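Please follow the explanation below with the sequence and the model side by side.

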Amino acid sequence: MAVTNPWLAGPSPARRLPRERLSERILNLLSSQNMCVLATTGPDGPLATPVRYYHLDFALMFTAVATSPKMRNLAADPRVSVGVFAPLVGQASSRGAQVFGQARSLDRGDAEFDHYWEAFRWQNDHVERSRPLDEPPAGPLVVIEAERIVYTEHWLRRDGYAPRQFWRRDPAGGQPAQ
């Protein structure tokens, strides 16, 4: 039988990508997708919600109605897990990230709001919904700064790297660490 990707056979390599290359691959994934699944926990248990996101470096951002179930959950427990993934055709194309962090809800006037808002492309949504471009969304901006990321890409096996890589923010300088 012909095998399309023989490098997928056998045990997975264990070698780690250099930090710069891993960061680049994660940012490429975040830039090439716009949907994620946000996992929160609340009084009724876990909730996994598909969300359209934008990113600024390793921070994911979205807006939501302040009274939605996900926002109620975030108010009760800001710890989140976010799944971002590329469409899967087969094992070789498997590529995604599990982002872990704490969600912060920012309103206009908050010190960090403008920093993130500049990267948030709300105009796309307004055009789709025939809303005026001179009236930005009124709801809060939710920001999740990644504390750690589990990145999976089976294509890495071709070059002798483990398909699962681990990224962690350096608490001292805010830069990624492994």
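Strands β1 (residues 35-42) and β2 (residues 45-52) run antiparallel and are joined by 8 bridges, where strands are DSSP runs of E with at least two residues, helices are runs of H or I with at least four residues, and both are numbered from the N terminus. Two strands are said to pair if DSSP finds at least two bridges between them. Within this pairing, Thr-41 has Pro-46 in β2 as its bridge partner, and the two strands make up a hairpin in which 2 residues stand between them.

The model is a predicted one, in which local features need pLDDT of at least 70 and side-chain atom pairs count only at pLDDT 80 or more, whereas totals for chains, interfaces and linings use all residues. Residues are numbered from 1 along each chain as its sequence is written, and side-chain values use heavy atoms, with hydrogens and water left out.

A second hairpin is formed by β3 and β4, again with 2 residues between the strands. Strand β3 (residues 54-56) pairs with β4 in the antiparallel sense over 3 bridges, and His-55 has Leu-60 in β4 as its bridge partner. Strand β4 also pairs with β7 (residues 141-153), to which 5 bridges join it in an antiparallel arrangement; here Thr-63 stands opposite Leu-141 in β7. Why can β4 be described as largely enclosed by the rest of the structure? Of the 5 residues of β4 (residues 59-63), 4 are buried, so the strand is largely enclosed, where buried means under 20% relative accessible area, exposed means over 50%, and partly exposed lies in between (1.4 Å probe, protein chains only).

Asp-57, found in the loop between β3 and β4, has a positive phi of about 55° although it is not a glycine, and with a relative accessible area of 51% it counts as exposed. A positive phi of about 55° is likewise given for Ser-130, which is not a glycine either. Ser-130 lies in the loop between α4 (122-128) and β7, and its relative accessibility of 68% places it among the exposed residues.

Ser-32 belongs to helix α1 and is partly exposed, with a relative accessible area of 41%, while Gln-33 lies in the loop between α1 and β1. The side chains of Ser-32 and Gln-33 are joined by a polar contact of 3.4 Å, a term that stands for a pair of N or O atoms within 3.5 Å of which, within protein, one must be able to donate a hydrogen and the other to accept it, with residues adjacent in sequence counted only if both atoms are side-chain atoms. Leaving aside neighbours within four places in sequence, Gln-33 is also in contact (heavy atoms within 4.5 Å) with Tyr-53, Val-84, Phe-85, Ala-86, Pro-87 and Arg-95.

Arg-15 is found in the segment before α1 (19-32), and although Ser-32 and Arg-15 are 17 residues apart in sequence, their C-alpha atoms are 25 Å apart in space. Which residues does Arg-15 touch, not counting those up to four places away in sequence? They are Asp-159, Gly-160, Tyr-161, Ala-162 and Gln-165. For Gly-160, the separation from Arg-15 is 145 residues in sequence and 6.7 Å in space, C-alpha to C-alpha, and the backbone oxygen of Gly-160 lies 3.3 Å from a polar atom of the Arg-15 side chain. Arg-15 counts as partly exposed, at 44% relative accessibility.

For the protein as a whole, the secondary structure comes to 4 helices and 9 strands, whose order from the N terminus is α-β-β-β-β-α-β-β-α-α-β-β-β. The C-alpha trace spans about 55 × 40 × 35 Å along its principal axes, and 40% of the 178 residues count as buried. Among contacts between residues at least 6 apart in sequence, 64% join residues at least 24 apart.
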